[in-house]
Amino acid sequence: QVQLVESGGGLVQAGGSLRLSCAASGISFSINAMGWYRQAPGKQRELVATKTSGGSTNYADSVKGRFTISRDNVKNTVSLQMNSLRPEDTAVYYCNVNLYTGRPHGSDYWGLGTLVTVSS
């Protein structure tokens with residue numbers, strides 16, 4: 001079964017940096033994309049950044065220029081370098097993998113989440 005294990009969350013002051021990492025295991029289908037989503041208290045889960053196996057990236061407007069996503073297609077890992085963090089970046093960050101399973105939009109799997117807290 002697919003497992004995603006995240007690491008790297010924590011508490012940081014505004015303007016600081018954190019790096020999140022995620023390792024996927026149990027993958028038996030081709031990966032379409034890996035990425036990060038986040039959910040702040042009282043808000044819906046939202047996309048932060050994704051990267052396809054072909055190298056295309058997609059970022060939320062709010063993080064462009066501050067966050068950088070990277071992937072290792074061989075090791076099935078994905079990382080998120082977060083710089084110039086703001087209090088509004090505070091959220092639980094979830095690792096996501098989308099697999100080619102024959103379903104119209106593939107199949108999504110999620111990590112348990114890692115908390116990022118940015119203090120002002």
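Q: What pattern does the chain follow in this predicted model, read along the sequence?
A: The pattern is β-β-β-β-β-β-β-β-β-β-β. Counted up, the secondary structure gives 0 helices and 11 strands.

Q: Why is the chain called as compact as a globular protein of its length?
A: Its radius of gyration is 14 Å, and the globule rule gives 14 Å for 120 residues. The two values are close, so the chain is as compact as a globular protein of that length.

Q: Why is strand β9 described as largely enclosed by the rest of the structure?
A: A residue is buried when its relative accessible area is under 20%. In β9 (residues 91-99), 8 of the 9 residues are buried, so the strand is largely enclosed. For the chain as a whole, 40% of the 120 residues count as buried.

Q: How do you know that β4 and β9 pair?
A: Pairing needs at least two bridges between the strands. Strand β4 (residues 31-39) and β9 have 8 bridges, in the antiparallel sense, so they pair.

Q: What makes β10 and β11 partners of β9?
A: The cut-off is again at least two bridges. Strand β11 (residues 114-119) pairs with β9 over 3 bridges in the antiparallel sense, and Val 92 has Leu 115 as its bridge partner in β11. Strand β10 (residues 107-110) pairs with β9 over 4 bridges, also antiparallel, with Leu 99 standing opposite Ser 107.

Definitions and conventions. Residues are numbered from 1 along each chain as its sequence is written. This is a predicted model: local features need pLDDT of at least 70, side-chain atom pairs count only at pLDDT 80 or more; totals for chains, interfaces and linings use all residues. Side-chain values use heavy atoms; hydrogens and water are left out. Buried means under 20% relative accessible area, exposed over 50%, partly exposed in between (1.4 Å probe, protein chains only). Helices (H or I, at least four residues) and strands (E, at least two) are DSSP runs, numbered from the N terminus. The radius of gyration is taken over C-alpha atoms; the globule rule is 2.2 Å times the number of residues to the power 0.38.
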